[in-house]
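Please read them beside the coordinates.

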Amino acid sequence: MGTTTLEEAREVAAFIESERTGWESSWREVADYVLGFDGASGGIGGQQDGGSHPASSQGGKTGSRIIDATATRALRVLAAGLQGGLTPPARPWFRLKLADKALMEFPQVRYWLGDVEAEIYRALAGSNFYQSSHALFTELAAYGSADLYMESDPVRVMRFSVLPHIDFAWACDAAGAVDTVVRRYRLTARQLAEKYGESRLTRATRRLVSKEPYGKVELVQLVRPRASRDTRKADSRNMPFESLVWEAQGAQQLLHESGYAEFPHLCARWDVGGGQTYGRSPVMDVLPDVKMLQEMARSQLLAVHKVINPPMRVPTGFKQRLNLIPGAQNYVNPAQPDALSPLYQIRPDIQAVTYKIEDVRRSIREGLFTEMFLLFAGEARSNVTAAEIMERSQEKLLLLGPVVERHQTDILDPLIGRAFGLLARAGRLPAAPDVLAGRQLKVEYVSALAQAQLLSAAQGVRQLAGDVARFAAMAPQVLDKFDFEQAVDELASIVGAPARIVRSDEDVQRIRDERLQAEIAGRQLALLEEAGREARKEGRNGAGSEAGRKAGEKLAKRVEQP
């Protein structure tokens, strides 16, 4: 059975990796001209929900074609801007909601959602998520496809690693979502023996264990939806996603078979065409400009070098004895009329070349959205208003709208779902209220880039409220047309306000009832005191009990009035 499964897994992995070959030349050009390194010859071990692998990584160096690093710097700005705009470490960037808005009015529901949010934030901050997310955005913006591997951790609940682009291959389901991943990684022979036992290793690897225990062995892992399973069982062999691991060379049996409760690979794509598995990147879009910039920079340097150190015409008398280093002494025959001179005159227009190079640099920065994330870095004016900042920021952030939507679907939704599952299985989440049984959670994103997409909706609510207030100055009855309390709820949802700072409708009604009861009680007390004063006044005038009776009747009538 194990041999049959291994053969089938090998065939699947070979086919999936063969589908990737058409992209490898583009990825190599990106590594050569922009990044300056690639992820070849490496891998990362991981831990299944039912087992573990030690980690190992190794990267290759390239970048000999980089002369002008404008694209490299712009890529770093883009990656940092995406991280700060989508998953900032220092501020909230998601909220948990329910599709049923009526349930969101229950305080215990909102408080439970807030507690779960806080626990997820703590787990992400305690892991290496925010360090890995920057590497994820760098790979995504450079290669158009990036794989963030999210594994369980016995101490920190979860751990993340960005797979090198050359070490993974994908396959998609009928909806176009990635659901199968083949990845290659390397472990030492000693690590393999400790993890799986020497009996499961190939003969070559067993020799490495005794002779060269720190020699690396390449492994292959296939993660895909499990074709058949017993849903009544919760062991690793019956989880929704299966994991098969084997040695890349000479394996006769599987090293390990396990599973995942959720898909562990968060597969990001920048822009995907119809039927494509991998994505295109903004770096690929500007790659022609990057190549031209490198050629122009090389030509400019060559021209400068020829101006500073031109080829020289040297008389034969100086043959094999000419010294051109600073301060050198060259002995000359006074009768020799010939002198040193440039072989030909070079007068390149360095300034014109510099202007053209700057145009190309500007095109690269525009293609990588540098101006958007450094919106006011080069602003010379000091009187920029807040309204102008908001309008210009909104205009530029909307350019990333499709990227934001795709990132939320491909990365953030699975991230929150798997984090919730890992925390629940670790016993780190509070018990859910009974009213939430069978209810589906909904994730809303409140990061800067996500809110930029909703800014027009929030601005519309504020503008309408301001217009209604101006109309009310002329016709107060128009206030009956506008629901100010619902407007507060809508704005709180749009801007992602914490659940505990906005009261539910029930709490608001209770506060108003208590306020009304307090006002009634205060009015009754004031009337009693007034009636007592009148009774004492009548008593001093000799009216006696008749005055007290009339004062009581008068008080009763006033209390009955609303």
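1. Strand 6 and strand 7 make a hairpin with five residues between them. In the turn of this predicted model, G176 has a positive phi of about 90°. The two strands are antiparallel and share five bridges. A169 has V182 in strand 7 as its bridge partner.

2. On its other pairing, strand 7 runs antiparallel to strand 8, with eight bridges joining them. Nine of the eleven residues of strand 7 are buried, so the strand is largely enclosed by the rest of the structure.

3. These strands belong to an open sheet of five strands, in the order 6-7-8-9-10, with antiparallel pairing. Strand 6 (168-172) and strand 10 (256-260) are at the edges; each has a single partner strand, so one side of each has no neighbour in the sheet. From one strand to the next, the twist averages 20°. Helix 6 (residues 189-196) packs on the sheet and touches strand 7 (178-188), strand 8 (216-225), strand 9 and strand 10. The direction of helix 6 makes about 115° with that of strand 7.

4. Strand 9 (residues 241-247) and strand 10 run antiparallel and are joined by five bridges. L244 has E257 in strand 10 as its bridge partner. L244 is also in contact with T5, as is L254, when the neighbours of T5 within four places in sequence are left aside. T5 is located in helix 1 (residues 2-18) and is buried, at a relative accessible area of 16%.

5. E242 is in strand 9 and R224 in strand 8, so the pair ties together parts that lie 18 residues apart in sequence. Both E242 and R224 are buried. A network of salt bridges links E8, R224, R226 and E242. The count of salt bridges comes to 28.

6. Is strand 3 (residues 94-98) enclosed by the rest of the structure, or left open? Five of its five residues are buried, so strand 3 is largely enclosed. Both of its faces are covered, with F94, L96 and L98 buried on one side and R95 and K97 buried on the other. Strand 3 pairs with strand 14 (residues 441-445) in the antiparallel sense over five bridges, and L96 stands opposite V443 of strand 14.

7. R95 deserves a separate entry. Its side chain meets that of E117 in a salt bridge, at 3.2 Å from N to O. R95 is in strand 3 and E117 in helix 4 (residues 107-126), so this pair ties together parts 22 residues apart in sequence. R95 has a relative accessible area of 7% and E117 one of 8%; the cut-off for buried is under 20%, so both residues are buried.

8. Another salt bridge joins E444 and K442, with the closest N and O atoms 3.9 Å apart. K442 is partly exposed, with a relative accessible area of 40%.

9. Last, the surface. M312, V314, L324 and L340 make a nonpolar surface patch of about 330 Å². M312 lies in strand 12 (residues 312-313) and is partly exposed, its relative accessible area being 35%.

Definitions and conventions
Residues numbered from 1 in each chain as written. Predicted model: local features only at pLDDT ≥ 70, side-chain atom pairs only at ≥ 80, totals over all residues. Heavy atoms only, no water. Patch = residues over 30% accessible without salt bridge, like charges linked within 9 Å, V, L, I, M, F, W, Y side chains within 5 Å. Areas by Shrake-Rupley, 256 points an atom, 1.4 Å probe, with all protein chains shown as cover. Salt bridge = Lys/Arg side-chain N within 4 Å of Asp/Glu carboxyl O. Helix = DSSP H or I, 4+ residues; strand = E, 2+ residues; numbered from the N terminus. Buried < 20%, exposed > 50% of the residue type's maximum accessible area, 1.4 Å probe, protein only. Pairing = 2+ DSSP bridges. Axes fitted to C-alpha atoms, helices over the stretch in contact; angles between N-to-C directions. Contact = heavy atoms within 4.5 Å.
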